[in-house]
Amino acid sequence: MKANPEDVFTGVYYIDGDVACAYGAIAAGCKFLAGYPITPSTEAAEAFVRRAPEVGALFIQMEDELGSIAAVLGAAWAGKKAMTITSGPGFSLMMENIGLGAALEIPFVIINIQRGGPSTGVPTRTGQADIMQSRWGSHGDYEVIALSPDSPQESFEFMIKAFNLAERYRCPVMLMSDECVGHMTEKVVIPPASEIEIEPRRFYKGPKEDYIPYKRESDLVSPIVKAGDGYNLYIIGLTHDERGYPISDEEALKKDLDKISTNRYLVDKIRKNRDDIIEVVEDQIDGAEVVVVSYGITSRVALKAIEQARSDGIKVGSLRLITVWPFPEKRIEEIAARVKGFVVPEINYGQVAFEVDRCSHGEANVILVPHGGASVHDPKDILGAIHRVASEKKRYENVIEYTTGLEMSVFGKRLAEIARK
Amino acid sequence: MHIRPREKPFGFEKPKSPQGEIEIIEDRCKGCGFCVEYCPNDVLKISDKYNSKGYHPPEVVNEEKCCYCGFCQLICPDFAIFIVEKESEKSKKAETVESKK
Amino acid sequence: MKENQKGVLEGKYKLSGNQACAEGAISAGCRFLGYHPITPSFEIVERYAQRCGDVDGVLIQMEDEISVLAAVLGASWTGRKAITVTSGPGLSLMLEHVGLGVMLETPCVIVDVQRGGPSEGLPNSPGSGDVMQARWGSHGDYELIALSPNSPQDMFDLTIEAFNFSEKYRTPVLIMADEAVGHMTDEVVISPPELVERKYYRGPKEKYLPYKWDKDLIPPMVDIGQGYKFHVTGLTHDERGYPVMDEYCQEWNVHRLIDKIRLYSDEIVRIEEEETEDADVVVVSYGISSQDAQNAVKRAREDGIKAGSLRLVTIWPFPEKQVTELARKVKTLIVAEMNYGQIFYEVERCSRGSANTVLISRQPSQVHHHEDILEAIKKV
Amino acid sequence: MEASKTLTIEKEQRHPMDELLRMDRIPHIWCPGCGIGAAVSAFAAALEKLEFDLDKVCVVSGIGCTGRVAGYIKLDSFHTTHGRAIPFATGIKLGNPDLKVVVFSGDGDLVSIGGNHFIHAARRNIDMVVICVNNFIYAMTGGQVAPTTPIPAYTTTSPFGNFEPPSNIPRLAEAAGAVYVARWTALHLRRLTESIVEAFQRPGFSVVEVISPCSMYYSRINKLGEGIDMLRFYHDNAIIRHGEPTENLDIDYQKQIIIGRFVDRERPTFMDSYRKWLSGAESISKEKVDEKN
């Protein structure tokens with residue numbers, strides 16, 4: 001299905017990543033935004049609310065982030081494409097209801113403009129430390145999809161992608177942007193509606209009396225209905241069966257939960273479809289000695305280091321994660337068998353680096369280039385890490401943390417050395 | 001019936017009019033003008049000079065009118081103006097006489 | 001110290017895991033419990049409420065889990081050891097304050113009696129679906145300590161251990177119990193505990209800086225109301241506790257928060273190895289699953305299979321070195337846990353390709369789970 | 001980071017409030033014409049009058065412009081998460097009941113995201129003073145609509161005017177069970193000081209609302225002039241009516257604002273009730289712990 005021309009503000013803009021997110025959401029057909037002000041994400045809500053009347057969308061500023069996400073879940077059941085926008089602390093507050101959304105298989109999108117953490121951290125500056133949280137933040141087992149844009153243009157495009165994936169797989173989709181991308185102002189080209197592909201909601205089309213809320217189709221996803229269509233829905237966050245009815249604890253103790261409940265599908269519908277979902281951008285992987293794995297704003301910083309390393313004569317490939325979750329396990333495994341090692345720069349002290357390490361099964365070295373946040377990496381550090389991996393003879397026992405210039409300038413020596421004294 | 005002794009309007013003690021000095025920490029001022037606007041006796045005025053932050057701090061123009069009520073101190077959001085209370089000159093003299101004795 | 005022991009029990013008692021946890025908290029000197037009722041953790045509160053009068057403890061039911069942890073952090077700064085108990089959905093709500101606790105470096109203990117998830121899930125069935133959440137649940141980067149008991153006695157011992165860790169490393173410590181352990185009743189020996197006391201600042205008052213850390217990377221603490229007039233904030237702060245918004249301060253602050261746990265992981269990590277010396281197959285497990293695993297290993301040995309068991313007492317920081325070493329010795333690591341793969345990924349990572357890794361997901365219905373594990377052992 | 005980069009004021013001028021301020025952090029971040037500084041002045045004046053042992057007073061703030069107050073007052077002070085100042089303060093008060101606990105935060109922090117905690121702390125009657133600076137807007141994040149924004153004020157997230165009915169903070173506080181409720185503006189500072197003194201003296205949950213100008217967002221977006229113009233407006237439109245029923249205290253856009261002391265009553269505080277409960281509970285607990293084999 002093509003996008004509705006009324007929703008697409010076709011043209012060339014000079015806008016920041018937050019505003020691009022809002023325009024992308026509107027283009028994808030998002031008609032409901034519930035939010036709560038939090039730096040650095042408010043520009044997106046502000047842009048959305050200004051354009052909302054033109055497209056018949058609704059914005060509500062709820063009393064807190066818990067309220068926002070709950071309203072989004074409700075609006076999605078009412079048949080609207082819905083989303084919320086937040087940053088780290090708000091994201092933490094949303095966790096309980098993200099679990100509810102995953103368990104109820106509600107299609108919705110969360111934009112997280114990450115900032116430096118933990119806790120209140122550095123609200124006005126960047127960070128990439130909520131990546132693992134987006135996957136594991138709520139209790140219990142579920143899978144999500146997370147995308148990571150590196151420019152305002154991508155913020156726009158990935159919003160459409162995010163809504164499409166959410167509708168396709170009926171799961172929470174997260175756009176893990178960061179303050180740098182969110183506040184970066186660049187040229188954004190919004191194409192005409194005829195060039196934007198939109199995934200319509202998978203509405204149930206069969207006879208009413210045969211409808212079973214969680215009856216799977218071949219791709220493990222079930223069609224959806226909306227409240228008010230006369231299906232007398234019963235939707236509950238307790239572990240439920242195909243009909244949506246809760247399973248009692250006695251029943252759970254007697255029977256095979258995998259068979260009677262929907263729990264297994266919450267992970268399988270993503271895991272089994274992961275090849276369709278996963279997207280990476282690769283550059284000169286073939287024949288590379290070192291591969292830089294990066295995502296978001298860091299992938300742009302890494303470009304500089306990669307360029308320099310290539311001119312130094314090292315064969316460097318680059319793997320950029322578009323979908324951080326599900327993680328491209330197989331691809332990393334394949335590459336690990338062929339290269340000396342990976343360099344993983346990220347604005348945290350090791351999240352995706354551990355995933356890369358896991359998928360490389362000890363066949364390649366992994367160097368993490370950490371950064372606490374509040375700014376981006378110095379390309380020199382990434383370059384240094386590339387050199388180290390390229391010249392390394394031995395096999396590491398674990399992820400190695402590269403000692404950055406920042407660490408040296410703050411502590412004078414490695415923190416580990418100070419502590420061991 | 002209890003008969004109250006005759007009292008003067010302000011009690012037995014003679015009311016003291018406070019004396020003091022207005023101190024302005026110019027570099028803290030952000031030029032909001034609260035003190036100037038709400039000085040009951042129009043003692044203050046926004047000056048023409050700039051402080052280190054580029055704001056116009058207030059200046060004292062009618063010190064003799066100041067009743068040292070301290071409202072400027074209370075309303076200043078930047079803790080930039082205050083009153084240093086002093087003993088009035090008369091009472092000071094009386095004190096010194098007493099101490100000499 | 002002595003007056004803190006008033007009302008503390010000693011001897012053998014028949015207690016459920018949850019009750020043992022409450023007794024553990026009391027023995028550890030915990031005198032503040034904040035909670036919001038949630039199945040299946042409530043017996044901890046019940047027990048504590050009954051014992052409150054004996055030990056002059058404070059007990060408060062807050063309006064939700066968000067405020068519970070906030071109150072616990074506040075109480076901890078007054079010098080009381082503080083605890084909260086919850087289950088999955090409550091932990092999800094507490095996450096923001098887990099981050100605050102890490103940032104303010106506030107000692108406190110959070111007991112998560114896990115149930116089936118996600119969302120409301122199965123309130124009266126065991127689960128281990130929150131173990132990754134315990135490590136990664138709050139935004140931003142941090143490290144904390146999580147322990148996993150597998151019996152009522154363990155509940156008691158690990159609660160005391162958790163308080164000791166939290167005071168030593170000035171960090172929130174999670175006890176990742178589960179419904180089965182919480183409701184399991186067994187004999188518990190209550191003996192006088194060895195306690196780690198809070199590291200207090202002893203220098204001159206005017207020179208106190210809330211985040212001036214010693215060589216062990218941990219800053220000494222003071223209580224509220226002693227005249228230090230300190231300021232602490234959830235924003236990135238310098239050693240005075242004042243917010244500074246730049247990457248140098250962020251590095252100074254967060255890198256240490258991470259390393260104060262990471263660098264001491266050898267001192268924190270506790271594991272239980274059984275018959276791993278000559279084993280070909282080792283079952284890695286934690287919590288209630290570890291009882292099944294240990295049973296299965298015994299049965300396998302009877303059948304002549306060289307099986308062993310590795311129980312993770314500390315889940316976070318993850319016993320990386322131990323698992324890597326073990327992986328080199330054995331052919332296969334079987335991970336038995338009550339979820340669709342969480343600790344499995346960590347084991348897979350740490351095995352570094354030298355051993356196969358197999359996941360067995362346990363379900364609440366699998367009372368004879370050890371048979372499944374046994375079957376898996378045999379298959380391997 | 002080491003405490004080297006501090007702005008020191010060269011002259012020997014010592015403001016009487018400097019004792020109570022973290023001078024190494026002054027100047028503060030509040031904009032010119034903001035009323036939060038004035039509210040802090042009144043708070044300091046009240047503390048001076050009360051002659052408390054300042055070591056035993058602690059301030060807890062949430063997030064937002066007013067949330068920064070904790071960082072400037074030289075008492076034991078806590079800058080916590082958004083909306084959770086009251087529960088944090090509850091923990092402190094219960095952990096050490098000898099402390100005087102003050103929550104100094106904004107309208108969005110206390111009534112929107114922290115609304116639930118506000119209600120329940122008032123219901124429990126936890127002995128604390130809540131000073132709520134109400135500037136009708138979320139200023140720290142750039143001027144979004146707040147739970148107190150009057151109809152039809154403009155904000156960045158209500159670009160076509162606000163249509164949601166605003167909260168009436170004194171009424172909420174009274175209904176939830178606060179023992180002392182007052183409202184003043186950033187201009188009525190003597191009375192505000194008096195009210196803060198009274199709030200400290202009442203055992204229980206006391207709320208003092210301070211209507212304060214937001215010169216940078218609220219008045220700029222709504223073209224109401226600068227901070228000083230807002231004060232002039234308060235001067236002309238604020239009516240003091242002590243004991244006014246709180247249902248009459250709704251604030252309409254640029255209409256009269258009723259200020260004064262509205263509620264002053266007595267209820268047993270949480271700690272009083274708790275101690276009573278605990279003394280009665282001891283006998284029960286001894287009976288219950290009998291499972292020794």
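How many bridges join strand E15 (residues 332-337) of chain C to E16(C), and do these strands run parallel or antiparallel?

1. In this predicted model, strand E15 of chain C is joined to E16(C) by six bridges, and the two strands run parallel. Within that pairing, C:Ala336 has C:Ile360 of E16(C) as its bridge partner.

2. Both strands belong to an open sheet of five strands in chain C, whose order is E11-E13-E12-E15-E16 and whose pairing is mixed. The edges are taken by strand E11 (271-274) and strand E16 (356-361) of chain C, each of which has a single partner strand, so that one side of each is left without a neighbour in the sheet. Direction ignored, neighbouring strands of this sheet are turned by 20° against each other on average.

3. Two helices of chain C lie across strands of this sheet. Helix H10 (residues 288-302) lies across E11, strand E12 (281-285), strand E13 (307-312) and E15 of chain C, and runs at about 165° to E13(C). Helix H12 (residues 343-351) of chain C, in turn, lies across E12, E15 and E16 of chain C, running at about 165° to E15(C).

4. As for the contact between chains, 67 residues come from chain A and 65 residues from chain C. On the side of chain A that touches chain C, helix H4 (residues 88-104) of chain A gives the most, with eleven residues. Sorted by class, that side of chain A holds 28 nonpolar, 24 polar and 15 charged residues.

Note on methods:
Residues numbered from 1 in each chain as written. Chains lettered and ligands numbered in written order. Predicted model: local features only at pLDDT ≥ 70, side-chain atom pairs only at ≥ 80, totals over all residues. Contact = placed C-beta atoms within 7 Å. Helix = DSSP H or I, 4+ residues; strand = E, 2+ residues; numbered from the N terminus. Nonpolar A, V, L, I, M, F, W, Y, C, P; charged D, E, K, R; others polar. Pairing = 2+ DSSP bridges. Axes fitted to C-alpha atoms, helices over the stretch in contact; angles between N-to-C directions.
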